[in-house]
Amino acid sequence: MAFYSEEQTTEDYLFKIVLVGDSAVGKSNLLARFARDEFYPNSKSTIGVEFQTQKMEINGKEIKAQIWDTAGQERFRAVTSAYYRGAVGALLVYDISRRQTFANISRWLNELHTHSDMNVVTILVGNKSDLKDAREVSTAEGKGLAEAEGLFFIETSALDSSNVAAAFQTVVREIYNILSRKVM
Ligand code: GDP
C-alpha cells in the first residue's frame, strides 16, 4: 500500500518516511538536523508521534518528504500500525557507541516488514559517528548487515551534521527512481 501522493501536478510528490530504532539512538536529532539544522544535547521530553514535511529536489523535481518520528513512543504498540501505514521509506537507526542498539536492528526490521510494504526503501543508519572513542560497532559490521539484508548503509552524526542530508536523500532518490520506472 504505497503512499505516492501526487498533488496538483505530476511533478509534485509526497513520500512518507519513518524513523525506526531504539530509544536515544538519535532519531529526533537526525530529523531536527535535517529539517531545521538544529541539535538538542539533551533528550527531548516530547511524547507522541510527530512528523515534519521537508521539501527536497531530485532530478529537478520537487519532492516533499513527510518524515515521521516516534518521539519516545517506541514501546507503545498501539501506535505501531498507524505509524508504518503508507510508509515508502525508512531510516533504521542504531547508535555506533551502543552495541545493543545494533543487536536490536533485526527486531526493528521484522517490525517494519510486518507493518509495511516489503518494498519500503530502507537505509541502515549508524548514528553518532562523532563518538570515535566510544565506538562499539565497526563500519564493516554495519555494512555487512546492510548487505545481508539488502539495505542501503550510511554512518551519520546529528551532532556534527556528517552525512545527515545524504541519509535522507539516498532514500528519497531511490523511491523517486522506483516511481519513475513504474510511471514510464
Ligand atoms: P531518539 O530517542 O532516538 O529520538 O534520540 P534523540 O534524538 O533524543 O537523542 C538521544 C541522545 O543522543 C540526546 O542526548 C542527543 O543529544 C544525543 N545524540 C543524538 N544524535 C547524536 C550524535 O550524532 N552524536 C552524539 N554525540 N550525540 C547524539
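This is a predicted model: local features need pLDDT of at least 70, side-chain atom pairs count only at pLDDT 80 or more; totals for chains, interfaces and linings use all residues.
Residues are numbered from 1 along each chain as its sequence is written.

The chain has 6 helices and 7 strands, where helices (H or I, at least four residues) and strands (E, at least two) are DSSP runs numbered from the N terminus. Now to the answer: β5 pairs with strand β6, residues 121-127, in the parallel sense, over 7 bridges, and strands are said to pair if DSSP finds at least two bridges between them. Strand β2, residues 12-20, also runs parallel to β5, and 4 bridges join these two. You can follow this at A90 of β5, which stands opposite V18 and has T122 as its bridge partner in β6.

Is β5 mostly covered or uncovered? Strand β5, residues 89-95, is mostly covered, with 7 of its 7 residues buried; buried means that 20 or more other C-beta atoms, placed from the backbone, lie within 10 Å of a residue's own, while exposed means 12 or fewer and partly exposed is in between. G89, L91, V93 and D95 point one way from the strand, whereas A90, L92 and Y94 point the other way.

Leaving out residues up to four places away in sequence, V93 touches several others, including L19, V25, G26, K27 and V125, a contact being two C-beta atoms, placed from the backbone, within 7 Å.

G26 and K27 lead us to the ligand, since both are listed with S28, N29 and L159 as the closest of the 19 residues that surround the ligand, each with its C-beta atom, placed from the backbone, within 6 Å. Helix α1, residues 27-36, gives the largest share of this shell, 3 residues.

Finally, let us turn to a loop. D37, in the loop between α1 and β3, has a positive phi, near 55 degrees, in a residue other than glycine, and D37 is exposed, with 10 other C-beta atoms within 10 Å.
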